[in-house]
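Colleague: Please take a close look at one part of this model, the open sheet, and then go on to the aromatic rings.

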Amino acid sequence: MNKTMEGLYSLLYLTLILTILFSLHTQIAHKLLIGKHPLHLKKSPHLPLRFNSDGTFKILQVADMHYGTGVLTSCKDVLASEFHYCSDLNTTHFLKRIIEAEKPDFIAFTGDNIFGSSTPDAAESLLRAFAPAMESGLPWAAVLGNHDQESTMTRLELMSFISLLDYSVSQTNPSVEDASSAAKGNTITDIDGFGNYNLRVYGAPGSHSANSTVLDLFFLDSGDREVVQGVRTYGWIKESQLRWLHGVSKGYQHPKERPSSATDCLTTVHVVSIPTKGEVRQLYYQKIIGQFQESVACSSVNSGVLQALVSMGDVKAVFMGHDHKNDFCGNLESIWFCYGGGFGYHAYGIAGWPRRARVILAELEKGENSWMGMERIRTWKLLDDEKLSKLDEQVLWELHRAK
């Protein structure tokens with residue numbers, strides 16, 4: 001065989017091999033796995049977050065899902081007639097149902113998203129717990145509670161993983177630019193916890209505030225467990241976190257950061273997991289809306305959160321979880337502190353007292369030709385019953401202008 005024929009056969013052989021490899025690649029590339037999960041790029045929501053053309057922005061708060069492994073994870077504190085067929089899937093069904101019924105613009109998960117001690121794989125549990133949010137295509141964010149890290153991932157790993165999930169806008173920690181610094185693109189490292197960040201909600205499209213922040217959502221890591229003077233207690237919001245909050249608030253005092261039509265209306269909503277000692281326990285002696293059915297489980301340390309929030313001047317409400325039997329709102333120094341109520345079926349609760357979620361609706365003021373700044377914030381709860389019953393609707397904050 002001459003060299004020409006040998007070269008031709010070699011070329012044909014190489015072509016055949018490349019054709020086979022290409023065919024295999026196109027057939028199995030979408031099935032490539034990292035661990036147990038398909039490899040794919042993160043799906044991102046439309047950003048920035050903004051009010052709708054009808055002047056509203058609706059938030060669904062989901063507190064304490066306590067997700068385990070799915071169908072094999074049993075329910076706690078349900079009626080005997082419900083127990084045999086009840087599992088984590090009831091939590092999933094409730095979340096899907098409420099998303100479809102309420103059609104929120106944003107979902108906030110306020111801690112204890114999974115019950116770490118009930119799952120051998122934290123990542124798998126997180127994927128199942130957040131699946132309805134990811135399937136909805138809605139932007140969503142989360143903070144950690146005191147049980148999330150009790151499985152196979154640290155708090156840093158948990159927040160990093162959550163930030164990479166489809167449509168999540170969660171962050172491990174705030175960027176430098178959110179602390180009124182000239183530096184861009186870096187993450188603040190000298191701050192306690194993982195899951196401290198700020199999400200800005202812009203005005204309605206076509207309005208005077210379309211390119212300005214109208215509503216601010218602050219997420220804070222309130223920790224899990226710590227030891228103080230030899231005694232084990234819950235975590236708390238630390239000085240470094242309050243210092244960051246103050247820095248962001250101070251930055252917003254600059255007129256360029258605030259639309260002229262909403263100078264006195266920038267509204268801050270804080271989302272935390274564990275209540276703070278100096279605040280929520282005081283509500284036991286105040287008028288509340290909702291149920292106060294268990295003592296406030298919080299840290300023995302009072303870090304002065306209420307005073308810090310009051311000094312910011314624009315904080316209207318704080319939303320939290322942790323105490324599943326509490327679903328009330330109470331006011332301290334013109335700031336509302338509201339529980340979400342227990343959402344998950346693997347979380348403790350009260351048999352016969354339906355699981356529940358909180359909805360927060362922010363509304364803009366209608367001007368002559370355009371939506372203006374914030375006018376009102378309302379909230380209510382929805383129960384996981386046949387009708388998704390609505391109860392305890394109230395106005396948390398309303399703009400009062402001189403007539």
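Modeller: In this predicted model, the open sheet has 6 strands in the order E6-E5-E4-E16-E17-E18, and their pairing is mixed. The edges are taken by strand E6 (140-143) and strand E18 (390-398); each has a single partner strand, so one side of each is left without a neighbour in the sheet. On average, neighbouring strands are turned by 20° against each other, direction ignored.

As for the rings, the count comes to 11 aromatic pairs. One of them is stacked: tyrosine 197 and phenylalanine 219, at 4.8 Å centre to centre with 5° between the planes. This pair links distant parts of the chain, with tyrosine 197 in strand E7 (residues 197-202) and phenylalanine 219 in strand E8 (residues 213-219), 22 residues apart. Both tyrosine 197 and phenylalanine 219 are buried. The rings of phenylalanine 218 and tryptophan 244 have centres 5.6 Å apart and planes at 80°, so that pair is edge-to-face. Here strand E8 supplies phenylalanine 218 and helix H6 (residues 239-251) supplies tryptophan 244, 26 residues apart. Phenylalanine 218 counts as buried because its relative accessibility is 1%; tryptophan 244, at 5%, also counts as buried. Tyr197 and Phe219 also belong to a cluster linked by ring pairs, together with Phe51, Phe57 and Phe106.

Two charged residues lie over ring faces: arginine 355 over tyrosine 345, at 4.9 Å from the ring centre, and lysine 366 over tryptophan 371, at 4.6 Å from the ring centre.

Key:
Residues are numbered from 1 along each chain as its sequence is written. This is a predicted model: local features need pLDDT of at least 70, side-chain atom pairs count only at pLDDT 80 or more; totals for chains, interfaces and linings use all residues. Side-chain values use heavy atoms; hydrogens and water are left out. Two strands pair if DSSP finds at least two bridges between them. Helices (H or I, at least four residues) and strands (E, at least two) are DSSP runs, numbered from the N terminus. Axes are lines fitted to C-alpha atoms, for helices over the stretch in contact, and angles run from 0 to 180 degrees between N-to-C directions. Rings of Phe, Tyr and Trp (its six-membered ring) pair if their centres lie within 6.5 Å; planes under 30 degrees apart count as stacked, over 60 as edge-to-face and the rest as tilted. Buried means under 20% relative accessible area, exposed over 50%, partly exposed in between (1.4 Å probe, protein chains only). A charge sits over a ring if NZ of Lys or CZ of Arg is within 6 Å of the ring centre and within 35 degrees of the ring normal.
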